[in-house]
Amino acid sequence: MDLTLSPSEESFRDELRAWLDANHPGREPEGDDAGFTFRRSWQRKLHDAGWAGVSWPTEYGGRGATLVEQAIYNEEFVRAQAPSAANVLGLAMGGPTVIAHGSDEQKRRYLEPILSAEEIWCQGFSEPGSGSDLASVKTRAVRDGDDWLVTGQKVWTTLAHHAKWCMLVARTDPDAPKHQGLSYFLMDMEQDAIQVRPLRQITGESEFNELFMEEARIPHENIIGGEGNGWAVAITTLMHERATLAFGLQVSVKLALRQLMEEAKASGAAADPQVRDRLAQLYIEAEVLRLNAYRGLTAIMRNGVPGPEGSLGKWQWAEVNQALTELAMDVRGPRAVLQDDTWTYRFLRARANSIEGGTTEILKNIVAERVLGLPRMR
Amino acid sequence: MNFDLTDDQRAIQRTARDFLAAGYKPEEIRRLAYETDRGFTDEGWQRICELGWPALLVDEEHGGLGLGVVELAVVQEELGAALAPSPFLSTIAAAALIADAGSDEQRARWLPGLAAGEARGTVATLRDGDGWSAVPDADGADVVVLRDGDGWAVADGTGVSAEPAQALDPTRRLWSIEVGGEREPLPGDGARAADVIAVALAAESVGVAQRTLDMAVAYAKEREQFGRPIGAYQAVSHACAQMLLEVEGARSTTLYAAWALDHEPESGPLAASMAKAYASDAGWRVPAAALQVHGGIGFTWEHDLHLWLKRGKANAYLWGDAGEHRARVAQLIGLE
């Protein structure tokens, strides 16, 4: 056991920290378009300095960072309160999926513009009728010469209005068993057969979109991983989503907790033994998130696959973040009925934490079936 | 950055697991708990001493092995999983306090015997009238460390009289004691030793929780109701997943605290309190949830589950309960 950073990990951290110090672009401007333009130029700056796609192998323009270095990268970004890159889904999910399942030609075509933010990616997985049961998607792709014609509806598509490419899971064989009839397409968003509508959420803002496709055209060569292999390719994308998020999430919880502690001290609420007890419990659980995440990395380095800790992290993060925002509301007392500029939003936004990127119920199923070996339900 | 145990630590773990599995079957645990005077036998204790465990933490100068808190935690987790009744933790706790808070002379007098397994020790923390109550493994102990006001004192066991007390946990006997002989104050504050002992208890509770999780999962796979294994129902399988979450969290904080006490002393107090707070809760909640998964059979005296539940619940109150340790966490993270 050695829970310190190695000299090379320390120098990776110091180099990144110094770079972020010198190049931090400041606060993101208000408004969707202004914010997006800001994040796009920030990503160009990151890319020019070799700090975009750190987990990608160097042959594809990444930095080839080790797992611990990727963890440090996510921690340092949040610690510096640096804005995220514009092309988050391309960097964290799309690129790794193309690297894992794409042809050489697809790798040449798609990877570089992801890193430079020249082409933004979005994700078309969920549908109104297919949330947790992803394999039940109904969006259909019908062969038309060298192309496919796609008709259907997707929902919760972040960044769709800025995106050039959509990672789209559609049914190419309606007669095959549901997991086998799917294909994974890269769909060009710049066509009239696709309509993007913002989806207003309980916070009042629109982070997500709905996508309507009426015979949208996709060339056959834009299938990733081969026709009928969409399920396996989609799982790769989802695994990348869960594995790479954990470290940034645990640091963002720590930052929010730090802020709440300062406010509770300033208002005198921290003198209340109940509030102190809940704050201490949250601090401990945030530490558990961090320690579990590192134990998960050790398991991956040892076995090549995530251990049980990996499956637990997203579930636990959702609980901790929700509990934190609930305590913050309680600390405000009767003033919690007034909208403030932080906690009202965070309390509402946190309700999605146990739904987005895998509901807590589905994560518990995964833990029960694949980690504990309990019988499959149904 | 690496959470894996070293090869040596894994060897200690394997030895402990094999030794305890062979020697402490549930029938033997019950026999020791209900049919012996002290809750363990001298022969059983001797076999543990032959493995060198009492010498784990004691430095080499005093005849010990000079190993760390991580090694202690590894052994403790196995002892908790096996629920092996023994005066091991009591003896380790007395040695840790004497090593940490004692004078050179006191260390030289007591530590070699404790390390060699020639002397048994215990620690009395709960002052009650003229004596101390709820003292584990006190009968026949050769050395007793006493909480005395704000400090610690040590007494030779020959001057100590012990009366048996009814304990929640039958696998760790408790006694009320009176100390007739001389009490010699220890000059130090023993703060680090208290953290080490709290982490050792946390590790034991991790083992307790892991074992009952294993029992619940095995039962959920085999027990059928309404025509299928109960583990196929989400009400049951999600309860098991929740148990795993708590076991892994308790293990992570405990390993971290053990490592910090060995290698990063400035983080030790906070890490120890985080571990004891989290493991105190998990150490009884997981067995309680496992009992629920078992249904009626888990509530019977005949089923073994209650033995682990009682150990986990008792551990939650020893060396600071979850609330006390959270209060300390609050203070250490600057919530003044």
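User: Which domains does the domain assignment of chain B give?

Analyst: This is a predicted model, where local features need pLDDT of at least 70, side-chain atom pairs count only at pLDDT 80 or more, and totals for chains, interfaces and linings use all residues. Residues are numbered from 1 along each chain as its sequence is written, while chains are lettered from A and ligands numbered from 1 in the order in which they are written. Domain bounds come from an automatic or database domain assignment. For chain B, that assignment gives domain 1 (7-186) and domain 2 (191-332).

User: Which helix gives the largest share of the side of domain 1 of chain B that touches domain 2 of chain B?

Analyst: The C-alpha centres of the two domains of chain B lie 22 Å apart. Two residues are in contact if their C-beta atoms, placed from the backbone, lie within 7 Å. By that test, 26 residues of domain 1 of chain B touch 27 residues of domain 2 of chain B. On the domain 1 side, the largest share, 10 residues, comes from H4(B).

User: How do the residues of that side of domain 1 of chain B divide into nonpolar, polar and charged?

Analyst: Ala, Val, Leu, Ile, Met, Phe, Trp, Tyr, Cys and Pro count as nonpolar, Asp, Glu, Lys and Arg as charged, and the others, Gly among them, as polar. Sorted this way, the side of domain 1 of chain B that touches domain 2 of chain B has 17 nonpolar, four polar and five charged residues.

User: How many residues of H7(B) are buried?

Analyst: Helices (H or I, at least four residues) and strands (E, at least two) are DSSP runs, numbered from the N terminus. A residue is buried if 20 or more other C-beta atoms, placed from the backbone, lie within 10 Å of its own, exposed if 12 or fewer, and partly exposed in between; in H7(B), the buried residues number 27 of 32.

User: Which strand pairs with E4(B) in the antiparallel sense?

Analyst: Two strands pair if DSSP finds at least two bridges between them. E1(B) (121-124) and E4(B) (143-148) run parallel, joined by four bridges. The antiparallel pairing of E4(B) has six bridges. Its partner is E5(B) (151-156).

User: Which residue takes a positive phi in the hairpin of E4(B) and E5(B)?

Analyst: Leu146(B) has Ala153(B) as its bridge partner in E5(B). Two residues lie between the strands of this hairpin. The residue with a positive phi, near 65 degrees, is Gly149(B).

User: What is the radius of gyration of chain B?

Analyst: Chain B has 11 helices and 10 strands. The radius is taken over C-alpha atoms, and the globule rule is 2.2 Å times the number of residues to the power 0.38. For 336 residues the rule gives 20 Å, so chain B is as compact as a globular protein of that length, with a radius of gyration of 20 Å.

User: Which helix of chain A gives the most to the side that touches chain B?

Analyst: The contact takes 37 residues from chain A and 37 from chain B. Helices H6 (230-267), H7 (273-303), H8 (308-332) and H10 (360-371) of chain A each supply at least two residues of the chain A side. The most, 15 residues, comes from H7(A).
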